[in-house]
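Please examine the sequence and the three-dimensional structure shown here.

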Amino acid sequence: MSEVVIRAEHLSKRYVLGQREQYRLLRDTITEAAARPFAHLRNFRSGKNGDRTVARQDHETIWALNDVSFEITRGEIVGIVGPNGAGKSTLLKILSRITKPTKGHVEIEGRVGSLLEVGTGFHAELSGRENIYLNAAILGMRKLEVARKFDEIVSFAEIEKFIDTPVKRYSSGMYVRLAFAVAAHLETEILVVDEVLAVGDAQFQKKCLSKLRQVGTDGRTILFVSHNMAAVRGICETGFQLDRGGIVGSGEINDVIDRYLAQVITRSFVEVETPSFVLNNVTIEPLNADVIKTFETIEIRVALTAKRDIGDPGMYVGILTTENTRVAGLDFKDFSSVPPIKAGERFEMGFVIDELPLLGGTYQIEIHVKDMARHKIERVANLFQFEVAETSVYGGRKLDAWFGSVGLKPTPIQKLPAAVSDETAEHRKALVP
Amino acid sequence: MACQSTRSLSSLRIEPATRWTSIDLRELWEYRELLYFLTWRDIKVRYKQTVLGATWAIIQPVFMMVVFSLFFGKLAKVPSDGIPYPVFAFCALLPWQLFAHAVGESSNSLVGNQQLLTKVYFPRLVIPLSAVISGLVDFLVALFVLIGLILWYGIVPGWKIVTLPGFILFAMCAALAVGLWLSALSVKYRDVRYVIAFLVQFWLFATPVAYASSIVPEKWRAVYALNPMAGVVEGFRWALLGKSSALGSMLWVSVIVVLVTLLGGLYYFRRMEHEFADIV
């Protein structure tokens with residue numbers, strides 16, 4: 001069973017900076033070509049004759065992937081994690097043959113289906129029915145295959161009534177559901193999935209996740225990229241972490257994610273400014289563990305430098321879900337007060353939070369810094385992400401969108417009907433811890 | 001064991017791009033359904049939310065014909081090889097519009113479909129190819145009008161009409177040849193978009209649409225035929241009206257020009273193909 005289906009060796013991809021974002025005008029090429037001999041002349045005259053790389057240097061290159069080697073066996077469900085720009089998408093693009101590697105090679109056994117985006121090639125003017133066929137053809141499905149699965153796709157998307165309506169009249173939710181329904185019915189041996197689950201409502205996300213998992217149990221191989229760590233944990237068994245184009249860790253998915261998150265927390269922080277403060281550092285750290293876990297203690301610490309004299313410093317910290325729903329908020333002033341701070345002085349404010357009541361998933365911290373002496377509240381433009389690792393709460397079952405994001409500590413109670421014999425009641429009672 | 005063999009069939013090796021790659025018609029054939037659906041999409045979407053719909057396919061060439069007949073036929077009295085001028089012009093306008101439309105659409109096709117290029121793999125040739133083919137429906141609609149017009153003028157096409165599909169195919173090959181070059185170039189250089197507009201206008205003057213090739217001096221005809229559309233247009237007149245000035249040798253020059261451009265275009269396209277997703 002441990003047959004290798006994907007073998008990548010020394011895979012590297014170089015991009016010329018600016019090439020991706022900006023197309024060239026013929027004029028640029030011509031003027032460059034025209035300027036080159038003169039550049040030489042100039043160098044020659046100024047006596048720098050070895051400096052031939054001048055013209056080339058304005059096209060800096062970046063290795064989006066650098067010497068990546070790995071093997072994936074049949075039926076493996078692999079999560080790829082890493083910060084933005086780590087090379088995750090580039091890797092998926094190479095595996096799905098959209099772009100070619102600069103060096104190295106990959107051997108793949110089996111058809112590859114790629115879901116790098118939901119609804120690729122959808123045309124707004126066409127109806128749902130027409131788009132199903134078009135999108136399926138683009139993803140590489142045969143017409144007969146689509147015809148066979150058509151009803152299943154439509155009912156999965158829950159759009160039976162609107163199947164002959166142009167998709168431009170669809171709500172965005174319907175659009176995403178339809179698009180994902182087509183993709184979810186792709187039956188390739190290997191499936192490559194990029195951050196496509198970030199769209200759609202929680203309930204539909206859950207449905208998609210279970211569909212993907214079902215695909216995986218059929219012996220198909222899945223490569224899954226997401227910033228939603230709960231989703232990666234929920235779907236994948238193994239994984240690897242990419243950072244700056246290289247693999248920095250691999251193994252069992254929970255280990256990979258835990259290690260990755262531990263790194264993310266200590267990642268160096270770029271300073272942010274508001275009119276009155278400079279935020280030097282924001283840390284969100286677990287106090288007694290390697291990673292942040294439900295019902296464990298965490299510490300949120302904000303280091304600031306005052307840009308002017310602050311008469312009455314204060315701070316608000318909000319905790320938001322990735323959908324920007326506010327889960328909690330704390331105002332520092334309600335718990336403690338800070339003496340006036342002079343311009344240029346550095347100080348810290350923060351909270352230790354016992355028994356963090358957040359379930360596994362990604363959350364964001366929103367920060368407002370204040371000077372109540374001048375009635376100034378300044379919202380920090382950046383949100384700071386942190387990850388709560390999925391742990392054994394609620395009896396250790398997998399927690400998906402149905403469980404929300406707040407962790408509770410319930411005690412079950414029950415009142416049994418009189419008809420139930422005392423014996424059974426005793427028995428049931430014994431089940432309750 | 002049987003399944004082992006099918007597995008090895010679908011095994012794949014992804015490697016850095018080489019300078020020269022084959023055209024790989026087999027893979028193109030495997031993606032024929034995608035070609036069909038993309039063409040179908042272009043046709044289906046073209047006249048959505050228009051009042052006149054597919055009538056536009058007739059209106060455009062008919063109005064061109066009226067204008068040409070008025071200014072070139074009636075006022076400038078351009079000789080038309082003894083054929084009534086409206087038929088003479090209309091017969092040339094149809095293949096010309098097929099060509100001009102196909103060149104425009106296919107040249108812009110890669111840039112217009114960049115969302116597909118960056119998110120899915122398929123042989124990129126499918127895109128300009130479907131753009132060329134999608135113009136065929138408009139052409140066929142207008143062809144009925146042309147045949148009606150010919151009959152109305154009392155001309156009965158002879159056996160030569162069976163060669164017409166050949167000339168239609170030839171016009172499309174010519175358009176594809178140009179479209180392959182321009183679409184691949186436009187991925188890198190967006191200037192191409194602006195070039196196309198006046199390229200097509202110049203090309204119209206270099207093509208015997210409003211006039212007959214017979215006004216070109218005999219010794220210059222071979223040079224004139226370097227424009228493959230000259231061969232196509234004269235071929236159309238020959239096939240439908242039975243008369244054409246100077247087709248013979250011109251056609252061969254045109255065929256060779258198209259073949260060379262088409263093969264060159266295919267190779268250039270294949271060579272650039274692997275970069276499309278990175279730079280589009």
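What follows concerns the interface, the strand pairing and the salt bridges.

The structure is a predicted model. The contact involves 50 residues of chain A and 41 residues of chain B. Together the two chains bury about 4,200 Å² between them, and carbon and sulfur atoms account for 57% of this area. Three residues, Arg97(A), Ile98(A) and Ile138(A), provide 16% of the area that chain A buries against chain B, which is more than any other three residues provide.

The polar side of this interface may be considered next. The rule finds twelve residue pairs in polar contact across the interface of chain A and chain B, both residues being at pLDDT 80 or more. Several elements of chain A each supply at least two residues to the side that touches chain B: strand 1 (4-16), helix 1 (26-45), helix 3 (88-95), strand 4 (103-109) and helix 4 (128-139). Of the side of chain A that touches chain B, strand 4 of chain A gives the most, namely seven residues. Sorted by class, that side of chain A comprises 17 nonpolar, 13 polar and 20 charged residues.

Charged side chains also meet across the boundary. Four salt bridges are found across the interface of chain A and chain B. One of the salt bridges in the model joins the side chains of Lys13(A) and Asp278(B), with an N to O distance of 2.7 Å.

Strand pairing joins the chains as well. Strand 4 of chain A and strand 1 (residues 11-14) of chain B run antiparallel and are joined by four bridges. Within this pairing, Glu107(A) lies opposite Arg13(B), a residue of strand 1 of chain B. Glu107(A) and Arg13(B) also belong, with Glu15(B), to a network of salt bridges. In chain B, the side chains of Arg13(B) and Glu15(B) form a salt bridge of 2.9 Å, N to O. Arg13(B) is partly exposed at 42% relative accessibility, and Glu15(B) is partly exposed at 36%.

Another sheet lies in chain A. Four strands form an open sheet in the order 10-11-12-15, with antiparallel pairing. Its edge strands are strand 10 (272-273) and strand 15 (346-353) of chain A, each of which pairs on one side only. Strand 15 of chain A pairs with strand 12 (residues 298-306) of chain A in the antiparallel sense, over eight bridges. In this pairing, Phe347(A) in strand 15 is the bridge partner of Leu304(A).

Finally, the salt bridges may be viewed over the whole structure. Side chains of opposite charge can pair when their charged atoms come close. Over all chains, the structure holds 26 salt bridges. Arg374(A), at 34% relative accessibility, counts as partly exposed. The closest N and O atoms of Asp371(A) and Arg374(A) are 3.1 Å apart in their salt bridge.

A further salt bridge joins Asp138(B) and Arg46(B), whose closest N and O atoms are 3.3 Å apart. This pair links distant parts of the chain, since Asp138(B) belongs to helix 8 (residues 136-152) of chain B and Arg46(B) to helix 3 (residues 32-46) of chain B, 92 residues apart. Asp138(B) is buried, with a relative accessible area of 15%, whereas Arg46(B) is partly exposed at 22%.

Technical notes:
Residues numbered from 1 in each chain as written. Chains lettered and ligands numbered in written order. Predicted model: local features only at pLDDT ≥ 70, side-chain atom pairs only at ≥ 80, totals over all residues. Heavy atoms only, no water. Contact = heavy atoms within 4.5 Å. Buried area = accessible area lost by both parts, 1.4 Å probe. Polar contact = N/O pair within 3.5 Å; in protein donor to acceptor, adjacent residues only side chain to side chain. Nonpolar A, V, L, I, M, F, W, Y, C, P; charged D, E, K, R; others polar. Pairing = 2+ DSSP bridges. Buried < 20%, exposed > 50% of the residue type's maximum accessible area, 1.4 Å probe, protein only.
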